[in-house]
Amino acid sequence: MAEDLTVTRTLVIPAAELSERFSRSSGPGGQGVNTADSRVELSFDLAASPSVPEWLRVRMLSRLEKRLVDGVLTITASEHRAQLQNRQAARERMTNTLRDAAAAPPPVRRKTKPTKGSQERRIAEKKRRAQTKHGRRGGGWD
């Protein structure tokens, strides 16, 4: 399973930079739940990784700052009974997390004025609404 992690076409994390740790899972497992180390913790040191370009590292560190501990991103998977399935789930989650962090920022929205027609429609709707409410007013008991 020690293969490189392909995040994008240009960003590939070498297997040597990923570390896996196994522990006992609290999830399903039947009789083997207390003996099998099926839980997987996949870690990647983003801050010290030579495979991530500096300009991209800055973006990723800022976007993932709440999830990092000393520059290390850790993903945990324990939803499957088998260790191999949890390893695959952790790798997929790591890939998706890094891909989202590496994505280009959305284009800047430029403010525009409302069109003349939209302003007129807004005012006309306000007047219709006011008329409706005015019609609901009842006369007092004189």
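## A linked trio

Arg 21, Arg 39 and Glu 41 are joined up in a network of salt bridges. Keep in mind that this is a predicted model. Side chains of opposite charge can pair when their charged atoms come close.

Let's zoom in on one part of that trio. The side chains of Arg 39 and Glu 41 form a salt bridge, with 3.5 Å from N to O. How exposed or buried are the two partners? Arg 39 is partly exposed, at a relative accessible area of 27%. Glu 41, on the other hand, counts as buried, because its relative accessibility is 14% and the cut-off for buried is under 20%.

## A link across the chain

Next up are Arg 93 and Glu 79, whose side chains meet in a salt bridge at 2.6 Å, N to O. This pair ties together distant parts of the chain, 14 residues apart: Arg 93 sits in helix α2 (residues 83-102), while Glu 79 belongs to the loop between β6 (72-77) and α2.

Arg 93 comes out as partly exposed, with 32% relative accessibility. Glu 79 is partly exposed too, with a relative accessible area of 40%.

Where do Glu 125 and Arg 128 lie? Both are in helix α3 (residues 116-136), three residues apart, which is about one turn of the helix.

## The overall tally

Conventions: Residues numbered from 1 in each chain as written. Predicted model: local features only at pLDDT ≥ 70, side-chain atom pairs only at ≥ 80, totals over all residues. Heavy atoms only, no water. Salt bridge = Lys/Arg side-chain N within 4 Å of Asp/Glu carboxyl O. Buried < 20%, exposed > 50% of the residue type's maximum accessible area, 1.4 Å probe, protein only. Helix = DSSP H or I, 4+ residues; strand = E, 2+ residues; numbered from the N terminus.
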